[in-house]
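Subject: Structure handover

Hello,

Here is the structure I promised to pass on. Please look through it first, then read my notes below.

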Amino acid sequence: GAMRAVFEVVGVTNVVASVLQIDPAEVLPASNFVFDLGADSMKSVELIAGFEEEFDIEMDEENAREVQTVDGAVDFIAQFKVDHAVIGASAMQRRK
């Protein structure tokens, strides 16, 4: 599972750097979008939209409020993929 997380870390880092117009090197796993990286509420909305587009996921407002750090976003996205993409396939197999 480590490789998948690397893909997500890179994607999250790129989205954050691009939306907030900062150097990707400043986007650390523990960085808080608001307190460390200076995202205001409008930028936070753009971040969520960026994650949704980058990873083809959906985040409702409640999820978005919980995701406040780079690590948190990576975890959420990895978990979303597990819950949505993988389940479809395994549920089909179990029915046979």
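Is Asn 14 buried, partly exposed or exposed? Asn 14 is partly exposed, because its relative accessible area is 41%. The scale runs like this: buried is under 20% relative accessible area, exposed is over 50%, and partly exposed is in between (1.4 Å probe, protein chains only). Asn 14 sits in helix 1.

Some ground rules. This is a predicted model, in which local features need pLDDT of at least 70 and side-chain atom pairs count only at pLDDT 80 or more, while totals for chains, interfaces and linings use all residues. Residues are numbered from 1 along each chain as its sequence is written, and side-chain values use heavy atoms, with hydrogens and water left out.

The overall picture

The chain has four helices and zero strands. In sequence order the pattern reads α-α-α-α. Both kinds of element are DSSP runs, numbered from the N terminus: helices are H or I with at least four residues, strands are E with at least two. Of the 96 residues in the chain, 33% are buried. The accessible surface is about 6,300 Å², and carbon and sulfur atoms hold 56% of that. Those areas come from the Shrake-Rupley method with a 1.4 Å probe; for residues, only the protein chains shown count as cover.

Now contacts, meaning heavy atoms within 4.5 Å. Take those in the chain with a separation of 6 or more: 54% join residues 24 or more positions apart.

The largest pocket

The largest pocket holds about 300 Å³ of space. It is lined by 16 residues, and the closest to its centre are Ser 44, Ile 48, Ala 64, Arg 65 and Val 67. A pocket here is found on a 1 Å grid over the protein atoms alone: an open set of points where a 1.4 Å probe fits, with protein on both sides within 12 Å along at least five of seven lines. Lining residues have an atom within 4 Å of a point. Grid points are joined across faces, edges and corners, and the volume is the space filled by probe spheres set on the points.

Which helix gives the largest share of the lining? Helix 2 does, with five residues. Helix 2 (41–55) and helix 3 (61–66) each supply at least two. By type, the lining has nine nonpolar, four polar and three charged residues. Nonpolar covers Ala, Val, Leu, Ile, Met, Phe, Trp, Tyr, Cys and Pro; charged covers Asp, Glu, Lys and Arg; the others, Gly among them, are polar.

The loop between helix 1 and helix 2

Start with Ser 31, which lies in this loop. Ser 31 counts as buried because its relative accessibility is 5%. Leaving out residues up to four places away in sequence, Ser 31 touches Glu 26, Asp 36, Leu 37, Gln 68, Thr 69 and Val 70.

Asn 32 is in the loop between helix 1 (2–20) and helix 2 too. Asn 32 is buried, at 12% relative accessible area. Beyond its neighbours within four places in sequence, Asn 32 contacts Leu 37, Gln 68 and Thr 69. The side chain of Asn 32 also reaches the backbone nitrogen of Val 34 at 2.9 Å.

Gln 21 belongs to this loop as well. Gln 21 is exposed, because its relative accessible area is 70%. Its phi is near 50°, a positive value in a residue other than glycine.

Other places to look

Asp 56 is in the loop between helix 2 and helix 3. Asp 56 is not a glycine, yet has a positive phi of about 55°. With 69% relative accessibility, Asp 56 counts as exposed.

Lys 81 is partly exposed, at 21% relative accessible area.

Finally, Ala 49 is in helix 2. Ala 49 is partly exposed, because its relative accessibility is 38%. Ala 49 and Val 15 are 34 residues apart in sequence, with 9.5 Å from C-alpha to C-alpha.

Best wishes

Definitions and conventions: Polar contact = N/O pair within 3.5 Å; in protein donor to acceptor, adjacent residues only side chain to side chain.
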